[in-house]
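Dear colleague,

Please find the structure below for your review. My notes on it follow.

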Amino acid sequence: MIISHIFNLLIKLSYDMTSNVLLLIRKIKLLKNFISKIKKEHKKFFSKDSFSYIIKDGKRFRKFLCIVTFLYTVKGKRLMLKSAKIVNFIYMVFCLHIQWLLHVVKGFIIAGIFPSTAAVYAVIRDLLLKKEIDSLSYTFSNYYSHNFKVANILGWLFFAFSGAVILNFMYIPYYPESIRIFMYGMIVFLAVILMVAWFYLFPSVVHFDFPVHIYIIGSLKTGFSSLFGLLLHIMTICIFVITLLKFPAIYFFFGITPLAFAQMSISLYGFNKVL
C-alpha cells in the first residue's frame with residue numbers, strides 16, 4: 001500500500017516536472033519572438049553605429065563602463081548572494097526532512113515520530129537564532145536523543161487526549177438530548193485548549209528545559225497570551241494544508257519542515273513577549 005502510494009507520487013511528480021519543462025520552453029520561445037520584434041522596431045538602437053557612437057565619445061564610454069561595472073559588481077553580486085541563500089535554504093529544508101525520515105524509522109515509527117519532530121524544531125530554532133551548525137546529522141541526532149523521553153511522553157499524551165476528544169465528538173449524537181448541548185460546549189472548549197497546546201508543544205520542548213507538566217502550562221500560557229500569534233498559527237496551518245492538497249509532491253520532498261519553520265518563528269516571538 002505504501003509502496004504503491006509512493007510510486008503514484010513519483011509518477012505525478014514526473015508528470016508535473018515534464019509539464020513545467022514544456023511550459024518553460026514555450027516561455028523561452030515567446031521571449032525570443034519578443035526580442036526579435038524589438039530588434040526589428042528599433043534597428044538604430046541595436047545597430048553598430050549606436051555602439052560606435054558610445055565608444056567614440058570618451059565621456060559617454062566612461063559612463064557606459066561605470067554603469068556596466070556597477071551592475072556587475074553590486075546588483076550581480078546581490079542577485080548571486082540571494083540566489084545562493086535561497087538554494088541553501090531549500091537544500092537545508094530537504095536535508096532536515098531526510099533526517100526526520102531516518103530518525104522516525106530509527107525509532108520504529110512509534111517511538112521515533114515525536115522525538116524526530118522535536119529535533120526538526122530544535123535545528124530550526126538554532127537557524128533562526130543564527131547559531132552555527134557544523135554537522136546537520138550530528139546536531140539532529142543530539143537533539144533527537146536529548147528530547148527523546150519528553151517528546152514521546154508529551155506527544156503521545158496529547159495524541160491520546162486528541163483521540164478522546166474526537167471520539168466523544170463523534171458519539172455526541174447518541175447522548176441523551178438533555179446533556180447534548182453541554183457536551184458540545186465541553187468538546188469545543190477542550191478542542192481549543194488542545195489546539196493551542198499542540199501549536200506550542202514542540203517549540204516549548206526545544207526552547208525550554210522544564211519538567212514534563214510545566215511544558216503543558218507553558219504552552220497554554222504562551223498561546224493564550226498572544227491572540228495575534230494564535231491567528232498566525234491557524235493561518236500557517238491552513239496555508240500548509242491547502243498547499244499540500246494542491247501540490248502533494250512538496251510534502252514528499254520537504255515534509256513538515258516548512259510548517260516547522262513558520263511555527264518556530266511565531267513561537268519565538270511569543271516566548272519573547274511572555275518572558
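Which elements do the buried residues of α7 pack against? They pack against α5, α8 and α9 (212–225); helices here are DSSP runs of H or I with at least four residues, numbered from the N terminus, and buried means under 20% relative accessible area with a 1.4 Å probe, protein chains only.

This is a predicted model, in which local features need pLDDT of at least 70, side-chain atom pairs count only at pLDDT 80 or more, and totals for chains, interfaces and linings use all residues. Residues are numbered from 1 along each chain as its sequence is written, and side-chain values use heavy atoms, with hydrogens and water left out.

The protein chain holds 12 helices and zero strands. Of its 275 residues, 28% count as buried.

In α7, the buried residues are V150, A151, N152, L154, G155, F158, S162 and V165. L154 is also among the residues with the most contacts inside the largest nonpolar core, together with L96, I124, F140 and M264. That core has 38 residues; a nonpolar core is a set of buried Ala, Val, Leu, Ile, Met, Phe, Trp, Tyr and Cys residues joined through side-chain atoms within 4.5 Å. The elements giving two or more residues to this core include α4 (58–106), α5 (113–128) and α7 (148–171). Apart from it lies another core of five residues, among them V165, I172, M183 and L194.

Leaving aside neighbours within four places in sequence, F140 is in contact (heavy atoms within 4.5 Å) with L96, Q99, W100, H103, S116, A119, V120 and V123.

Yours sincerely

Key:
Buried < 20%, exposed > 50% of the residue type's maximum accessible area, 1.4 Å probe, protein only.
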